[in-house]
Amino acid sequence: MTVIVVLAEPPRPGLVLPDLAETSPLTETEAATFYTAMLKDICTAVKRSGGELLVNYRTDDDIPDEFVTDTPSEAAVRTVVTDALGGTDEVRFEPQVGSTFSARAGNTVTHLLDEEAEHSVAVVRPNVPQLGRTHIDSAAMKLRSSPVVLGPSTEGRTFFSGFRDPIDFTDAYDEPEVETLAAKADDAELGVDYMPMLPVVETGADLATLVPILRSRVKSERVVPEHTTTFVFEEGLRVESNDGVLELVRD
């Protein structure tokens, strides 16, 4: 069984998806609501898969003071996961440890592989709503024969990074992530396999890529991430052509 580590932050306006609020029609509050929807969908996908869900939350001590509230970070994240799954009895929650994303991901992966003797561990962020059960199970199968499995996204980013053996995680997620991670695997003499590309959402351009896909799949009656798709339709988000330029707009 692969442990799927979801590195999550409390969905507070301005803290999560700040670039999305700056480059799209969404406000900071709406971007936080959208982040919540994606976090629910990724946790649901992991629970439906053969993987074990571990939610690695960012602690209040690691969050800028202006984003700390009376509700503890762990409690805020637990509430989202509970709403998505109906409970958290089978979900592990652990605090993130480290000053950078590379350090936080690396500390968790290395601990699980070396100290808890897990067979394989994968890191995902809650910003890839199309990552579904079949993708996760397929990646777990790949990890049986390949020490490292990467899920590439646009602009050299990754939506999934799975490991059967640790690498040197120092600056491992430096841009372009997919190339840096592959180089780290090569340095450790570990083979790499890949998943099909999926879009991640951090900016308005990313959201403009996702929205038509979701609308198309709804029209075709195909599987979609429930919470993310509901947000898109309730907010009236769509992409239209304006003098030959595709723009993200809302009704």
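**Close-up views of the predicted model**

**View A. The backbone oxygen of threonine 71 lies 2.6 Å from a polar atom of the arginine 12 side chain.** The model is predicted: local features need pLDDT of at least 70, side-chain atom pairs count only at pLDDT 80 or more, and totals for chains, interfaces and linings use all residues. Residues are numbered from 1 along each chain as its sequence is written, and side-chain values use heavy atoms, with hydrogens and water left out. Arginine 12 belongs to the loop between β1 and α1 (18–23); helices (H or I, at least four residues) and strands (E, at least two) are DSSP runs, numbered from the N terminus. The side chain of arginine 12 also makes a polar contact of 3.3 Å with that of aspartate 60. A polar contact is a pair of N or O atoms within 3.5 Å; within protein, one must be able to donate a hydrogen and the other to accept it, and residues adjacent in sequence count only if both atoms are side-chain atoms. Arginine 12 has a relative accessible area of 8% and is therefore buried, a term that means under 20%, with exposed over 50% and partly exposed in between (1.4 Å probe, protein chains only). Beyond four places in sequence, arginine 12 touches residues including Ala32, Ile63, Phe67 and Pro72, where contact means heavy atoms within 4.5 Å.

**View B. An open sheet of 7 strands shows mixed pairing in the order β3-β2-β1-β4-β6-β5-β7.** Two strands pair if DSSP finds at least two bridges between them. The edges are formed by β3 (92–95) and β7 (192–194); each has a single partner strand, so one side of each is left without a neighbour in the sheet. Neighbouring strands are turned by 20° against each other on average, direction ignored. The strands β2 (residues 52–57) and β3 run parallel and are joined by 4 bridges, and asparagine 56 has glutamate 94 of β3 as its bridge partner. Helix α2 packs on the sheet, where it touches β1 (2–8), β2 and β4 (120–124), and its direction makes about 170° with that of β1. Axes are lines fitted to C-alpha atoms, for helices over the stretch in contact, and angles run from 0 to 180 degrees between N-to-C directions.

**View C. The largest nonpolar core contains 51 residues.** Such a core is a set of buried Ala, Val, Leu, Ile, Met, Phe, Trp, Tyr and Cys residues joined through side-chain atoms within 4.5 Å. Phe34, Val55, Leu131, Phe160 and Leu207 touch the most other members. Helix α2 (residues 28–48) supplies the largest share, 10 residues. Another core, of 23 residues, lies apart from it and has Leu7, Ala105, Phe163 and Val178 among its members. Phenylalanine 34 contacts Leu17, Leu20, Val201, Leu207, Leu210, Thr228 and Phe231, when neighbours within four places in sequence are left aside.

**View D. Phenylalanine 160 is found in strand β6 (residues 158–163).** Its relative accessible area is 1%, so phenylalanine 160 counts as buried. Outside the four places on either side in sequence, phenylalanine 160 has contacts that include Ile4, Val123, Ala139, Leu150 and Met195. Between the C-alpha atoms of phenylalanine 160 and tyrosine 194 there are 9.5 Å, although the two residues are 34 residues apart along the chain.

**View E. The loop between β6 and α6 includes aspartate 171 and proline 176.** The peptide bond from glutamate 175 to proline 176 is cis, with omega near -10°. Aspartate 171 is not a glycine, yet has a positive phi of about 55°; its relative accessibility is 44%, so aspartate 171 counts as partly exposed. A polar atom of the lysine 184 side chain lies 2.8 Å from the backbone oxygen of threonine 170. Lysine 184 also contacts Ile167, Asp168 and Ala172, among the residues beyond four places in sequence.

**View F. Strands β8 (residues 237–242) and β9 (residues 245–250) run antiparallel and are joined by 6 bridges.** The two strands form a hairpin with 2 residues between them, and aspartate 243 in the turn has a positive phi of about 55°. Leucine 237 stands opposite arginine 250 of β9.

**View G. Glutamate 221 is found in the loop between α7 (204–219) and α8 (226–234).** Glutamate 221 has a positive phi of about 60° although it is not a glycine. With a relative accessible area of 73%, glutamate 221 is exposed.
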